[in-house]
Amino acid sequence: GHRLFVVGIGSSPAEALLRRLAEATGGACDFVAPGEAVEPAVLRMFARLRSPRLTDLRLDWPVGANPEWVSPLPSAVFDGDTIHIFALLRQAEANRLAGELRLSGRRSEDGAAEAIGRAVFPDARETGDALPRMAASARFHAAEEDPPHDKDGSLQLALAYQLLTDKTNFLLVHERPDGEKSTDMPTLRKVEQMLPAGWGGAGTVMGGIVLAGCCRGPAMLSESGGPLDFLSEESEESPTQYWEIISRPLYLSEWLRNTPASEWPTSYAALREIGASEELLAWLQSLMTRPGVQHTETEVVAAFLYLMSRQSMYDALAKPRGKWREKILVPEPADSEGIDMSLVAAMATALDGMTTKSWPKHVMAAKPGFDTPSSPREQAD
């Protein structure tokens, strides 16, 4: 007879079980990724405890919309919850789709349906494959949870969209010529557990993902006046476009840790392409000349990116209200070859006080106006 409000912590907190416990008892479930603060999730739960629970959720589609499949709605929502809906429409129908998608629910069994929120369909449609694969994954799991589902159809869906599921495997086969085949037993190697980028907050998936039908237009307010968000916009803590990578220190640090060093920028022009401001570039350019030392552009960029990719830097910035404090940098022979560590140390001192979201004030106060090499495209023009 008690409601369970569950907070799952870590990279693998048995999500399916915890969600079932919460839904079966009329509660709610929230998750905290590795390195993420627990307090906000607990406070969200307290807010849900004090807010009405809306059930019998229903979607009202615009005129002319007749989706072939819609992902299952949750059994209930609370004030402040975010809901993701996937639907499959025919191409011609989707092209002329316009209007609003509305969500409604009831506070009690005998209560009247109340409008909760709405989503307006944008004119531009996403053309990448990330969102369709997310929808396919939702459709696969929805079919698996429905007892009389089509097993063969689920398998074909997983194969068509290259989904890792309990019905599919990822196998890498290397065929050797007869003369190169091993005659001994294979050597056992232990590989650390790996999660897909973005899973449970572990790393990020970079790309221009645009969620169709995002809005913040609540039609219901709680007693405290807080809105109930429906299909809320993407979190401001996650960069959604490639050119935003360097807009905040944490974005850059995380991107560097998930990108091979061979793909890192090597020039000011390349830094500008991933979002470096003219002030930041001016500050970097000012470091090219130090007392008795003259550095090249490549050396400055390499030292800057090396510093921002350090584990200590990421750990400091990833914390809530994270702030980087200068620490003694110990060269790591495995990846510091060719890096001027004295320049790295000078940068570390200059960046003391940098926060998760912003570069130091004196860095952003640097005066632009210097010439940087043109990009290959500009030179071609």
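**Reading the features**

Modeller: We may. Please note that this is a predicted model.

Biologist: Which residues of helix H2 are buried, and how are they arranged around the axis?

Modeller: An α-helix has 3.6 residues a turn, so residues three or four places apart point the same way. In helix H2 (residues 39-49), the buried residues are Ala41, Met45 and Arg48. Viewed down the axis of H2, they fall within an arc of 60 degrees, so they line one face of the helix. Strand E1 (5-9) and strand E2 (28-32) are among the elements that cover them.

Biologist: With which residue does Arg48 form a salt bridge?

Modeller: A salt bridge requires a side-chain nitrogen of Lys or Arg within 4 Å of a carboxyl oxygen of Asp or Glu. The partner of Arg48 is Asp81, with the closest N and O atoms 2.7 Å apart. Asp81 lies in the loop between strand E5 (76-77) and strand E6 (87-88), whereas Arg48 is in helix H2, so the pair ties together parts that are 33 residues apart in sequence. Asp81 and Arg48 are both buried. Salt bridges with shared partners join Asp30, Arg44, Arg48 and Asp81 into one network.

Biologist: How many aromatic pairs does the whole structure contain?

Modeller: The search finds three. In one of them, the ring centres of Trp283 and Phe304 are 6.4 Å apart and the planes stand at 75 degrees, so the pair is edge-to-face. Both Trp283 and Phe304 are buried. Ring pairs link these two residues and Trp359 into a cluster.

Notes: Residues numbered from 1 in each chain as written. Predicted model: local features only at pLDDT ≥ 70, side-chain atom pairs only at ≥ 80, totals over all residues. Heavy atoms only, no water. Buried < 20%, exposed > 50% of the residue type's maximum accessible area, 1.4 Å probe, protein only. Helix = DSSP H or I, 4+ residues; strand = E, 2+ residues; numbered from the N terminus. Arc of directions from axis to C-beta. Contact = heavy atoms within 4.5 Å. Phe/Tyr/Trp six-rings, centres within 6.5 Å; stacked < 30°, edge-to-face > 60°.
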